[in-house]
Amino acid sequence: MSVSYYIETYGCQMNVADSELIEGVLKEQGLILSHDINTADVIMVNTCAVRDHAEAKVHTRLGQFHKIKRQRPDVLIGVLGCMAQHLKNDLLENKPYVDIVLGPDSYRRLPEILRRKQEKKHIVDTKLSKYEVYDNLFPSRKEGINAWVSIMRGCDKFCTFCIVPFTRGRERSRRIESIVHEVTKAVADGFVEVTLLGQNVNSFKTGDKQFPDLLDSVAQVPGLQRIRYTSPHPQDVDSELLDVMAKHKNICNSIHLPLQAGSDRILKRMNRTYTKKHFMALADQIRNNLPGVGISTDIIVGFPGETEAEFQETLDVMHHVKFDSAFTFKYSSRPHTKAAEYTDHISEDVKQNRLERMITLQKEHTLFRNQEVVGSVLSVMVEKESKRSTDQWAGRTDSNKWVLFDKVNASVKEIVSVKINRAHGVSLHGSLVNKGVNDEVDKNI
Ligand code: SAH
Ligand code: SF4
Ligand code: F3S
């Protein structure tokens, strides 16, 4: 009988893409995906280490897996991904029920490891590679709108708060032809949108080709309606990138521009390589070059040593840019990182207070940006049924805003023109105008 496996995924989209890759590898070897943790022969968790909270969730989950293993001693438990690295010692010492520990560059070994499953010893492989990009493997994707396509792996930026360079290793890029081939296949499989993924997408480099060249090639894949990418680093956003975004209708008019902090002293301490002034000028340049663009961001509050005045500088940048949306985080000290060694950590209360003030401000800005588009007609990709009403569709604009509208004369995966009637919370409400892409309207709001 064939072996069945169950997999749970935490963390960023890179992990989601990696889990699809793992599923692709296992499917090819005849293993069967199971959605029932209680009957699967192998239980795996693809983990994230970016903040303490992310790790805590996995520890809780592992406790539950342990109970299953007590009832079914033959089940194999695997811990994959970003936590594997430093969980390794903890596992060997404290969690003997975990059979397999694999880091993000070791997934090719999974079938071989599962074949050897009768050997009752632990298998640990957390070696990071300078070369592994899983170029010739195909992810097994679920039916859907968007296909995640990993274009590069690792990160060489070493922001002082961040564990990713330690969990994912050095930066390396896939070949353009291989990426284009994968995108073409995704379109043939029915996907209408791709999101190009990397910890630093715009550090992408193969030979003399860089990220804007890749975007230009992907945009020409016939039938591909939408392209998104995440995450770029502000340092490497240049006019070539903005030009190629403006040139192709199918490259979505949105950009994720992680700010992290607004004070120059903190930015320097974070090793972010740009200043407050540079970031604000860049955001202005983006809004000028790409009318109607949506700008989202990531911000950390309470980085070691951050004073109230320095926190206010982050709010200054928010006031200036008025981000369309933001992911906001309390600083979490991470092993191996430089910032973990700083001695001036901020108290939990102060972090919580700053986070709450920041969220309040961001809500105002999201509403401000959403109100700006009220009255205009935008191109919306119909993605799914609205959670609130079975009579309504939920779709996204080019600029990455959710729009809800009545389900008349439109179906999933179609791009339709929607008149925006009102902004409420983080969503927009509209009504269908007519079918068909209406980019002129979209880009000129
Ligand atoms: N490579 C991406 C982000 C990876 S992690 C980039 O550079 O944009 C996603 C976000 O988590 C980061 O942008 C940062 O805001 C946040 N983050 C990373 N490390 C963190 C830490 N130690 N504490 C709190 N937030 C953190
Ligand atoms: Fe982490 Fe900075 Fe690399 Fe992003 S760019 S993954 S925040 S080290
Ligand atoms: Fe987490 Fe690893 Fe992604 S640490 S954010 S899963 S790269």
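Mentor: By class, six nonpolar, two polar and five charged residues make up the lining of the second largest pocket. Here Ala, Val, Leu, Ile, Met, Phe, Trp, Tyr, Cys and Pro count as nonpolar, Asp, Glu, Lys and Arg as charged, and the others, Gly among them, as polar. The model is predicted, so local features need pLDDT of at least 70 and side-chain atom pairs pLDDT 80 or more, whereas totals for chains, interfaces and linings use all residues. Residues are numbered from 1 along each chain as its sequence is written, chains are lettered from A and ligands numbered from 1 in the order in which they are written, and side-chain values use heavy atoms, without hydrogens and water.

Trainee: Which residues lie nearest the centre of the second largest pocket, and what is its volume?

Mentor: Its volume is about 250 Å³. Of its 13 lining residues, K27, F138, P139, S140 and K185 lie nearest the centre. Helices α1 and α6 each supply at least two residues of this lining, and the largest share, four residues, comes from α1.

Trainee: What makes a space a cavity and not a pocket?

Mentor: On a 1 Å grid over the protein atoms alone, a 1.4 Å probe fits in a cavity but cannot get out, while a pocket is an open set with protein on both sides within 12 Å along at least five of seven lines; lining residues have an atom within 4 Å of a point. Points are joined across faces, edges and corners, and a volume is the space filled by probe spheres set on them. By this rule there are three cavities of 30 Å³ or more. The largest cavity holds about 110 Å³ of space, and among its 13 lining residues the closest to the centre are L21, P139, S150, R174 and E182. Two or more residues of that lining come from each of α1 (13–28) and β7 (146–150); α1 gives the most, three.

Trainee: How do you know that the length of helix α6 agrees with its number of residues?

Mentor: Helices (H or I, at least four residues) and strands (E, at least two) are DSSP runs, numbered from the N terminus. The expected span is 1.5 Å times one less than the number of residues. The 13 residues of α6 (176–188) should therefore span 18 Å, and the end C-alpha atoms are 18 Å apart, which agrees. The buried residues of α6 are I176, S178, I179, E182, V183, A186 and V187. They pack against β7, β10 (193–197), β11 (205–206), β12 (209–210) and α7 (211–219).

Trainee: Why is S106 called buried?

Mentor: Buried means under 20% relative accessible area, exposed over 50%, and partly exposed in between (1.4 Å probe, protein chains only). S106 has 3%, so it is buried. This residue sits in the loop between β5 (100–102) and α4 (110–115). Its contacts (heavy atoms within 4.5 Å), leaving aside neighbours within four places in sequence, are D125, K127 and Y134.

Trainee: Why is T230 called buried?

Mentor: Its relative accessible area is 13%, so T230 also counts as buried. T230 belongs to strand β13 (residues 226–230).

Trainee: What makes a residue count as near a ligand?

Mentor: One of its heavy atoms must lie within 4 Å of the molecule. Around ligand 3 these residues are C12, N15, T47, C48, A49, V50, C82, R168 and Q199. They divide into five nonpolar, three polar and one charged.
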